Amino acid sequence: ECVDNKCREILEHRTDTEDDEDCVTVFPISCLLWIVWGVVLGSSLGSPLLQDLIDAAYGYRWNYAERCIVDEGYFVGGFCRPKLDCSCVDIDQVDDLHIDDITAELYKEKYAYSNRPLVIRNATANWPASKVLNFDWLKTEYLRNPDAWESCSYYKAEEFKTLSGVFKMSPKINPNISSPPWYLGWSVCVDSVLLQLSQLVHHPKFLSSFHPTGNMWIIIGSPCFVTNLYLDHGLDLPTWHTQISGHTTWYLTPPPECAASCPGLMQVDMHPGDLIIVNTNYWMHSTRVLDNGLSVIITGQLD
């Protein structure tokens, strides 16, 4: 009997132990789903992925610390810029006028202090530059002192390691021979050439109350080249651009922060003697050189 009682105690102890070991805590599946969702959401909110999605929706990358738009290769003059006012809501075209139809009063009233772009046809057809200024003239003048030009600001094409190299180009990229398209511009920082250009260029009468400021720029390009859309951040004044030779198409779009509230792409063709005045600090702009020979453009700022 004692043996039976002892065996009974052992069996009861084993049964209690086995029951404890077989006990399992069960969670509802919905709890597990909420836990997984919380992990995914938390990871997304704390990862660059969400920021990339927000930037893609806005069309630009925002620097929250500095409160400015980060340069991603489309504006010149700085790494980060402030937002621009969307004053382009009623601008859906580049206004197009003949030189005989523009007056100083009209320009001041409608264009001088607004972001409304304007093309004036035949505005510079009587400039001496239209008869003198070409690639050969530039080559002669610049090679008088090529070292001086290395200190000038310029945008260079991949084909040219130095600015003077533009005028020493090999026959394969000669402007008069079929070759891969190229495009570049530079500031006229050599006094002797700037003086000569000043004698070849004079503002139309409707701009007589405005004064040039800063250096002029010369931009040349071969047929079929298209520049990327970019913004001239750092220029706080409108710029004028006159087509000396060749033909180009200008493309303008609002800055990315205004894409939702302003009309979209605008374009206008430019021919020798035409002048475009545009705030390139406001409008994203691109230029395409048409297949009508080398394009030569002179540009400057108005004050």
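**Strands and their partners**

Mentor: Keep in mind that this is a predicted model. Strand E6 (residues 154-155) and E7 run antiparallel, with two bridges joining them.

Trainee: What makes E6 and E7 a pair?
Mentor: Pairing takes at least two bridges. E6 and E7 have two bridges, so they pair.

Trainee: Why is E7 called mostly covered?
Mentor: A residue is buried when its relative accessible area is under 20%. In E7 (residues 183-187), five of its five residues are buried, so each falls under that 20% cut-off.

Trainee: Which way do the residues of E7 point?
Mentor: Tyr183, Gly185 and Ser187 go one way, while Leu184 and Trp186 go the other, and all are buried. In a regular strand, side chains alternate between the two faces of the sheet.

Trainee: What makes E1 and E3 edge strands?
Mentor: Three strands form an open, antiparallel sheet in the order E1-E2-E3. E1 (62-63) and E3 (80-81) each have a single partner strand, so one side of each is left without a neighbour in the sheet.

Trainee: How many bridges link E2 and E3?
Mentor: E2 (residues 68-70) and E3 pair over two bridges, antiparallel. There, Ile69 has Arg81 in E3 as its bridge partner.

How values were computed:
Residues are numbered from 1 along each chain as its sequence is written. This is a predicted model: local features need pLDDT of at least 70, side-chain atom pairs count only at pLDDT 80 or more; totals for chains, interfaces and linings use all residues. Side-chain values use heavy atoms; hydrogens and water are left out. Buried means under 20% relative accessible area, exposed over 50%, partly exposed in between (1.4 Å probe, protein chains only). Helices (H or I, at least four residues) and strands (E, at least two) are DSSP runs, numbered from the N terminus.
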